[in-house]
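Me: Could you take me through this model feature by feature, giving the general idea before the particular case?

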Amino acid sequence: MSLPATPPHPRTGRPRSAAADAAILVATREALVELGWSKLTMGDVARRAGVAKTTLYRRWAHKSELVVDAVAVLFDELELPDRGSLLEDVQGVVLQFAALLERPETKTALMAVVAESTRDVALRERIRSAIVERQKRLVLLGRERAQARGELPYEESPVQAARNADLIFDVIAGAVVHRALVSAEPVDEAWAHSFTSLLVSGLGGAQGR
């Protein structure tokens, strides 16, 4: 006589809700703009999102992690346009990036987490993984297109190619953030064209060697 099959163990805990996560991230950005970093609390975000505070803590251990994820999804909106040339493609994404930095929620969140990360190594790593590493996709795609068009040479060394991608990302991100948030100067068509022309001419020379 065969024994009845043992029923599977029921899953414990509730599955994550994409809608709840989205509501939490929106509430975080709204609260940050309204209250500022110092006054922002997990409890306030939970009330705005209509969820229990324990729901937040199951997903994010600290408010710094929550704010990084809240701003990271905004950077995921960036796309590299295909305008037919490396110069025009890069100029397009520079202008998109600048427009994103003009949004109060992006500006406030980015400045807050960068300042906080100077005292928190774990937070710096989260910024790197959630924002920097994810947005390097734009550099890799731009380089791939430029190589296919014959605008840039193919790189034989994968190690050097990775280092070049890091450098290109740092130059673009650093210049635009400094211009928009530190110097508080406009990133308009004229500036974007001048900057991109300088960058692309340097890339052609450096990678040609």
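This is a predicted model: local features need pLDDT of at least 70, side-chain atom pairs count only at pLDDT 80 or more; totals for chains, interfaces and linings use all residues.

Me: How many helices and strands does the protein have?

Reply: Helices (H or I, at least four residues) and strands (E, at least two) are DSSP runs, numbered from the N terminus. Here the protein has nine helices and zero strands. Of the 209 residues, 42% are buried, where buried means under 20% relative accessible area, exposed over 50%, and partly exposed in between, with a 1.4 Å probe and protein chains only. Among contacts (heavy atoms within 4.5 Å) with a separation of 6 or more, 66% are between residues 24 or more positions apart.

Me: What span does helix H1 reach from its first C-alpha to its last?

Reply: The expected span of a helix is 1.5 Å times one less than its number of residues. Helix H1 (residues 18-35), with 18 residues, reaches 25 Å, close to the 26 Å expected. Its buried residues include Ala20, Ile24, Leu25 and Arg29, and the elements that cover the buried residues of H1 include H2, H3, H4 and H6. Just after H1, Gly36 takes a positive phi of about 85°.

Me: Where do the buried residues of H6 fall, seen down its axis?

Reply: The arc to consider is that of the directions from the helix axis to the C-beta atoms. The buried residues of H6 are Glu105, Thr106, Ala109, Leu110, Ala112, Val113 and Ser117; they fall within an arc of 170°, so they line one face of the helix. These residues pack against H1, H4, H5, H7 and H8. One of them, Thr106, has 0% relative accessibility and, leaving aside residues up to four places away in sequence, touches Val71, Leu74, Phe75, Leu100 and Leu101.

Me: Turning to the loops, is Ser38 buried or exposed?

Reply: Ser38, found in the loop between H1 and H2, counts as exposed at 67% relative accessibility. Ser38 and Ala112 are 74 residues apart in sequence, yet their C-alpha atoms are 9.2 Å apart in space. In the loop between H8 and H9, Ala184 has a positive phi of about 55° although it is not a glycine, and Ala184 is exposed, with a relative accessible area of 59%.

Me: How much space lies in the largest pocket?

Reply: Rolling a probe the size of a water molecule over the atoms shows where empty space is left. On a 1 Å grid over the protein atoms alone, a cavity is a set of points where a 1.4 Å probe fits but cannot get out, whereas a pocket is an open set with protein on both sides within 12 Å along at least five of seven lines, and lining residues have an atom within 4 Å of a point. Grid points are joined across faces, edges and corners, and a volume is the space filled by probe spheres set on the points. About 890 Å³ lies in the largest pocket; of the 37 residues that line it, the closest to its centre are Val132, Phe169, Asp170, Ala173 and Gly174. H7 gives the most to this lining, with 12 residues.

Terms used. Residues are numbered from 1 along each chain as its sequence is written. Side-chain values use heavy atoms; hydrogens and water are left out.
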